[in-house]
Amino acid sequence: MSAHAPLLKVENLGKSFGGVKAVDGISFDLAPGELLALIGPNGAGKSTTFNMVNGQLKADQGSIRFGGEELIGRKPRAIWRMGVGRTFQIAETFASLTVVENVQMALLSHDGKLFSMWRRAADHRRDEALALLDQVGMKAQADRPCSELAYGDVKRVELAIAMANAPKLLLMDEPTAGMAPKERNSLMALTKQLVIDRGMAVLFTEHSMDVVFAYADRMIVLARGRLIAQGKPLEIRDHPKVQEVYFGSGKTFEKIAEKAAEVNAAVGAATA
Ligand code: ADP
Ligand code: MG
């Protein structure tokens with residue numbers, strides 16, 4: 001049990017596409033300062049859940065309360081303004097901008113300034129943008145175009161962009177997709193640090209189980225739209241239903257858990 005009141009309270013949430021129940025009456029809570037992993041096989045309903053929380057998809061049933069307020073029925077922009085952030089891929093058109101300019105853009109956007117303002121205010125909030133880049137370890141590369149960055153570094157900049165809105169809740173749908181294992185761990189360690197420093201809540205999906213076991217405070221498991229288990233990583237690891245649905249018979253999480261313990265030890269050593 002968490003010591004905090006939930007920041008996000010999802011109850012009986014559901015969404016169908018045609019005859020398919022993509023999300024089928026799921027309920028879960030998320031507290032401030034908690035890193036919650038949403039896992040499940042492809043097609044389990046993870047992205048659909050994310051998109052209902054951020055307002056891109058309208059739920060058919062249930063409720064999504066954020067700080068006590070109902071999110072269902074609100075527009076994505078309104079939800080974002082309330083403090084629900086999400087990571088976006090840096091669009092092609094912005095790749096030619098420098099790292100710091102991309103973060104400045106995000107800060108301007110948070111202020112509600114029009115894009116045209118940008119051209120007249122190239123230095124606007126540069127210091128703040130640099131401070132955010134410092135937090136994600138990208139300050140030294142602030143004046144390079146994003147198009148020149150290594151993939152893992154682009155992901156760090158995307159995280160800084162998401163932080164420009166000072167979200168209370170950050171949604172990350174497969175943040176480490178396409179990354180090498182070392183980069184994955186580094187991005188998640190950074191995310192965990194932001195969670196600790198800012199008391200931010202994070203809901204994320206992730207395919208790599210060693211990453212999930214190493215970094216998640218708690219996990220929820222979806223299968224075919226249903227929530228089949230939730231709990232701490234070790235509880236989930238030992239959950240027979242999860243092992244069966246998620247991996248099929250034969251495989252277990254054991255090897256993965258060993259690896260996660262190594263990663264955890266490394267992170268602990270680094271932050272001690
Ligand atoms: P996950 O992110 O866990 O892989 P999704 O939430 O993307 O799963 O998908 C859950 C189910 O809903 C799948 O069966 C998928 O085919 C279906 N689905 C998702 N989005 C749409 C859509 N826009 N239109 C029709 N079916 C969809
Ligand atoms: Mg998905």
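Strands β7 and β8 (residues 201-205) pair in the parallel sense over four bridges, where two strands count as paired if DSSP finds at least two bridges between them. In β8, F204 is the bridge partner of M172. Helices (H or I, at least four residues) and strands (E, at least two) are DSSP runs, numbered from the N terminus.

This is a predicted model, in which local features need pLDDT of at least 70 and side-chain atom pairs count only at pLDDT 80 or more, while totals for chains, interfaces and linings use all residues. Residues are numbered from 1 along each chain as its sequence is written, chains are lettered from A and ligands numbered from 1 in the order in which they are written, and side-chain values use heavy atoms, with hydrogens and water left out.

**The sheet**

- Six strands form an open sheet with mixed pairing, in the order β6-β7-β8-β3-β9-β10.
- Its edge strands, β6 (84-86) and β10 (226-231), each pair on one side only.
- From one strand to the next the twist averages 20°, with axes taken as lines fitted to C-alpha atoms and angles running from 0 to 180 degrees between N-to-C directions.
- Strands β3 (residues 35-39) and β9 (residues 218-223) run parallel and are joined by four bridges; I220 in β9 is the bridge partner of L38.

**Strand β7**

- β7 also pairs with β6 in the parallel sense, over three bridges, and its L170 stands opposite G85.
- In a regular strand, side chains alternate between the two faces of the sheet.
- β7 (residues 169-172) is covered on both faces, with L169 and L171 buried on one side and L170 and M172 buried on the other. Buried means under 20% relative accessible area, exposed over 50%, and partly exposed in between (1.4 Å probe, protein chains only).

**Helix α1**

- Helix α1 (residues 46-53) is largely enclosed by the rest of the structure, because six of its eight residues are buried.
- The buried residues in α1 are K46, T48, T49, F50, M52 and V53.
- G55, which follows α1, has a positive phi, near 90°.

**Helices α6 and α7**

- Helix α6 (residues 151-163) packs against helix α7 (residues 181-198) at an angle of about 20°, with the axes 10 Å apart.
- α6 is therefore roughly parallel to α7 (angles under 35 degrees; over 145 is roughly antiparallel, 65 to 115 roughly perpendicular and the rest oblique).
- The contact (heavy atoms within 4.5 Å) involves Y151, G152, K155, R156, L159 and M163 of α6, and E183, S186, L187, L190, T191, L194 and R198 of α7.
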